[in-house]
Amino acid sequence: MKTSLRLTMTAASLLALGATAANAQISNDVVRIGVLADMSGIYNDLSGKGAVEAVKMAAEDVGGTVLGKKIDVIFADHLNKPDVGAAKAREWFDTGAVDMINDLANSGVARAVAAVAKEKKRHIIVNGASNMGITNELCSPYAIHYAYDAYSLAHGTGKAVVAAGGKSWFFLTVDFAFGHGLEQQVSDVVRGAQGRVLGAARHPLGTTDFSSYVLQAQASKAEIIGIASTGADAVNAIKAAAEFGATKNQKLAALLLWIEDVHSLGLQTAQGLMLTNAWYWDQNDETRKFAKRFYDRVGKMPNMAQAADYSSTVFYLNAVKEAGTDDPDKVSAKMREMTVSDMFTKNGKVRVDGRFMHDMYLWQVKTPAESKAPWDYLKPVSTIPAEQAFQPLSESKCDLVKK
Amino acid sequence: MEIFGIPHQAFLGQIMLGLVNGAFYAVLSLGLAIIFGLLRVVNFAHGAFFMVGAFIAFLLGRNLGLGYWPAMIAAPMIVGFAGIIFERFAIRRIYGLDPLYGLLLTFGLVLVMEGGFRVAMGSSGHPFPTPQLLRGAWDIGFMMLPVYRGFVILIAVVVCAGTWILIEKTRMGAYLRAATERPDLTQSFGINVPLLLTLTYGVGVGLAGFAGVLAAPIQHVNPSMGSDLVIIVFAIVVIGGLGSVLGSALTGLGLGVIEGLTKVYYSEASTTVVFLVMALVLLLRPAGLFGREEA
Amino acid sequence: MALVYRIGLPLLIAALIAVPFVPQLIYPIFLMKVMCFVLFACAFNLLLGHAGIVSFGHAAFFGSSAYITGYALRDLGLTTEVAILAGVLFSATLGALFGALAIRRQGIYLAMITLALAQLVYFSFLQAPFTGAEDGMQPIPRGKLFGLIDLNDDTNLYFLVLVCTGGGLWLINRIVHSPFGQILRAIREHEPRTRSLGYAVERYKVTAFALSAGLSGLAGSLKCVVFRLASLTDVHWHMSGDVILMTVLGGMNSVFGPAIGAIIISALRHYFDALGAWVTIMVGLVFIFCVLVFRRGVLGELSHYLAVRHPAKEQKNA
C-alpha cells in the first residue's frame, strides 16, 4: 500500500509538470495540419496521396512557417470507417497537437470527425464528402464545408437532367450517409419538378458486382437511373448498366462523377454524361498552372477536392497569420471575415453555418473526337451561382444560424 | 406477367444471377468439404486462396502478358502448390488436435495473405478484362445475360461433376474415401495417407484458386474479395453436411438461388439469409441436409 | 507465481491510477480501449477456456451492448450507469438465448450456430433505424455518472473504465474459482460423467453463456462511452475472430492470460498503426507461430516455464 501511495504522489508531481508544459501560448510551437484521407480504399484515387500532396504544396507556398512557427503536415488513413476516423481525430487533437484536419473523404467519417471537432473545439475542413449534416445538425464554428455538397450536386446534375425531360427516377444508392443524402436531395429536386421517384436499390460501399441492382433498376422501368455513389462504385455501376443492356432504354445520371472516374471509364463509355464539379483543371491559366505543378508531383491531374484541399489550407494558414494566433475561436472568427480569391474560386466566403460559398459548374463529358489530349475530358455547360448552388440559410438546421 | 406481384422479368433475372453466385459457392464449398472430410481441418483460408487465385491470374496477365485461358490453368496450380507447402510445414503439425487449432492456424494465414496483398497491391480493386471470346450478352427473353456469366455456370457444373466422378468412380477417389473413414486401416494397406492428405489440401485450395480466376472479371481483383465469402461458404458446407462433397456443391447452387430470390423481395437481407438457413438446418437437422450423424 | 502476483498487482494498480496524470507517457483513451478489450477477452475465455465452448459470435454481445447503451444515452437521455446496465442486461439475455440454442450441438457445429446467430444480430443492427448503419451511431453523449460526475472529463471517465474493468475481472476470477467454475471445468473435461453426477449440464452452460455475454457487453458499453460512437465494426464477425485471437495468444487456460493477449494485439495495432497492412501481417504471423509452437499462450508458457524451472518453490507457494 505504501508503494502505491508513493507512486501516486510521484504521479501528482509529474502532473504539475505536464500542466505547465501544455499552457504555452502558440500551441506546441507548431501549426500542425492533419490530412485524414482514404489512403488505401475505394476513394484512394479521389483523396489519398493527392490530397496529402495538395496540403503540402499549400504549406510550402505559404513559406513553410506561419508567425515564425513551423507548419507540419501529417496524414493518416481512415479506412472508410467512421470509428477509425473518429478515434484518429480524437487522438490527434488530444495528443498530436493537430490544429486542423483536412480532406475527410467519406461522409460517414466526416460526420464522425465533425462531432469530435465540435467537442474538442478544433478546426476541420471537409473537402472530400458531401454530407449536409456538416453545415446543419453537426455544424460548429470549427467546421467548414468547402468544396461541394449534396445540395449543390442535386441542384447541378439533378436539375439539369430533370430539365432535359427525365421525369421518373430509380436510384442505385451507396448505403451510407453520402448515398442517402444525395438520393434525398435529388429526390426533392425531381419531385419539385413534378417528377416521380420509383424506388432505390441500396448497395454496400465497395460493391463490385452490380448485376442484381441493375436488374432492379431495369425492372422499375424508370427513365433515369440515378447513380448516387461515386468513385469505383459509380464506375462499376455504369459499366454493369452497359453490360446488362440497361442503357438501351434508360438513361444514366451519375450524380457525383470525378475526373478520375471519367479517366477509368474511358470516354467511349462516359461520353455525354453530365457532372457537377466545383473546379476543373482546364478552366483558366491559374488552374492550369496549379494542375501542372500537381501533375509533376503526383502523376495525375488534380480533382476538385484536391484543389480545394490546397485552397482551404492556404486560407486557414492565412487566417492564422491574420489572427496572430492559432487559437481556434480567433481563427474561426477570422475565417468568417476573410474572402478567398485564388485559383479555386473568386470571392469565396464562409457563411455562418460553415458553408464556403462559391460558384459551381455543370460540365459534360466530351466525346472521344472532341478530346485533344490526355485528361482533356470536360466541356463547360453552365455556371451555377453560389446562391443557387448551396442550401439557403433559411432552410438550415444549424443552431448557429439566427432565425 | 407477374409472379407474386413481381414482374417475371425481374424474378427470373435474379434467379439467374443467383445461379451464377451459386456456381462460385459450389466450386468453393466443394474444396472446403473435401478438405474437411479428409483432414478434419476447417480451412478458414479458403476465401484467401480464392483471392490469391484471382490475383495470380491478374499478375500473370499484367506482368507476363499471359492470357485468360493459360491463366485459368496456371493460377489454380500455383495456388495448389502454395497450399501443399503450407500443409507440409504447418497444418501437418496440428493433426489430431482439437479442430479449433486448425481454424485458428488458417485464420492466421488469412491475415498474412490479405495483409500481404494489401501491402503489395493496395486495397482498391484492379479491374480484370473479360476474355475477348466471352464478351457481349445473350438476349434470353427475360433479361440480357452477359455471355461470361453463362459461361461461369456452365464451367462450375462441369468442374463439380468432374470432381464428383474423380472421387466416386476412380481408384484415387476410392483411396480418398477409404482414408476419410479409416485412415489407420488405409495406411496399413500400404497407401501413403500423409501424401494423400497433402494432395487433398492442394487440390482443395486449387479449386478455390480456380473459383478466384472465374470471379476476377466479375468482381474486380482486390485483397478482401474472399474475406466475407469464406463465412458464407462455411455456412454452405455446414448446411450441406460437413464432409459431404456432392451435398455441399448442390447446396451451393441452391443457396445461390435462395439468395437471388431474397434479392427480389428483400434485397438487404440477401447476405444474411444463408445464416438464417444455417441456423435452422443445424437446429432441425444437425448433420446437415446431406450429411450423416456422426458418432 | 504467487510472489509475482503479490508484488506485481499493487504495482500495476498504482501505475494504472497514475496514468491519467501523465498523458504524455501513455494516451489515456488508448488505455481505456485496451481495458475494454482486456475485459472482453477475459469474459470470452469464461466460455472458451473454462467451459470448453468455442463461440464464434461474441461480437454480437460486445456490439449490441454498445448500441443499446448508445441508444439509451443519446435517444432516451438516461444517465450513464443506467445506460451501461441496460446494455449489459440486453447482451446477457442475448447470451442466454444464444446459449440455449447453441448448446444443443457440440464443437464446430456449436461454433457455427453462434456465428449464424451473430450474423442475424449484425443484420438487425444494420437495418435498425437508430444505428445509422454504415455511418455508425454518433455522436453519443457520455452523460453524467449518477447524474453527478461529468464523464466528458477524460480523467473521470478513465476511473469509471478502470473500476468497471477491475470489477469485471474480479468477478470473472470469482466465477472461475467458485464451485460453479469447477463444475464448468468438469463439464469441459468429461460431460457425461458430470451429468451422471447429477448436474444439470445444460443449465450450467446457458448460465456460463449469459455471464460471458453480459461481461462482454460491459466491455462493449464502455468502449461506446469512451469513443462516443457505436459502429458496425463492433458487431462484425471480425470482432469475434479478434477476441478468439487475443484469448488464444494470451493463454486460454488461465484467468488473466487473455488480458495479455488483448494488450499485445491492441498495442501492436496502436503503435504500429503507421505501417498499415503490415500490422495485419504481423498479427497473422504471431498467430501462426503461437498455434504451432506456443499453444499454451503467453501466460501459459510463462507459468509452465516457471513451474519447470522452480518446481519446489511453486509447490511451497501453492
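## Basis of the report

Residues are numbered from 1 along each chain as its sequence is written, while chains are lettered from A and ligands numbered from 1 in the order in which they are written. Since the model is predicted, local features need pLDDT of at least 70 and side-chain atom pairs count only at pLDDT 80 or more, whereas totals for chains, interfaces and linings use all residues.

A residue is called buried if 20 or more other C-beta atoms, placed from the backbone, lie within 10 Å of its own, exposed if 12 or fewer do, and partly exposed in between.

What is Val27(B) in contact with, leaving aside its neighbours within four places in sequence? Its partners are Ala156(B), Val159(B), Cys160(B), Leu207(B), Phe210(B) and Ala211(B), where contact requires that the C-beta atoms of two residues, placed from the backbone, lie within 7 Å.

## The two domains of chain A

Chain A is assigned domain 1 (29-148 + 283-354) and domain 2 (151-277 + 361-380), with bounds that come from an automatic or database domain assignment. Taken over C-alpha atoms, the centres of domain 1 and domain 2 of chain A are separated by 27 Å. Their contact takes 16 residues from domain 1 and 19 residues from domain 2, and H4(A) contributes three residues, the largest share of the domain 1 side. That side of domain 1 divides into eight nonpolar, six polar and two charged residues, with Ala, Val, Leu, Ile, Met, Phe, Trp, Tyr, Cys and Pro counted as nonpolar, Asp, Glu, Lys and Arg as charged, and the others, Gly among them, as polar.

## Contacts between chains

Between chain A and chain C, 28 residues of chain A are in contact with 24 residues of chain C. On the side of chain A, two or more residues are given by each of helix H1 (2-22), helix H3 (82-95) and helix H4 (107-120), and H1(A) gives the most, with nine residues. This side has 13 nonpolar, seven polar and eight charged residues.

The contact of chain B with chain C takes 32 residues from chain B and 31 residues from chain C. On the side of chain B, H4(B) gives the most, with 15 residues, and the residues of this side divide into 24 nonpolar, four polar and four charged.

## A helix pair in chain C

Helix H6 (residues 154-177) and helix H9 (residues 201-227) of chain C have axes that come within 11 Å and cross at roughly 170 degrees; axes are lines fitted to C-alpha atoms, for helices over the stretch in contact, and angles run from 0 to 180 degrees between N-to-C directions. H6(C) and H9(C) are therefore roughly antiparallel to each other, a label used for angles over 145 degrees, while those under 35 count as roughly parallel, 65 to 115 as roughly perpendicular and the rest as oblique. The residues of this contact include Leu157(C) and Val161(C) of H6(C) and Leu211(C) and Leu215(C) of H9(C), and they divide into 10 nonpolar, one polar and no charged.

## Backbone features

Most residues other than glycine have a negative phi, and most peptide bonds are trans. Leu79(A), which is not a glycine, has a positive phi of about 60 degrees, and Leu79(A) counts as partly exposed because it has 19 C-beta neighbours inside 10 Å. His220(B), also not a glycine, has a positive phi of about 70 degrees, and His220(B) counts as buried because it has 22 such neighbours inside 10 Å.

A cis peptide bond, with omega of about -5 degrees, joins Gln138(C) and Pro139(C). Pro139(C) has its place in the loop between helix H5 (107-127) and strand E1 (144-145) of chain C.

Note on methods:
Helices (H or I, at least four residues) and strands (E, at least two) are DSSP runs, numbered from the N terminus.
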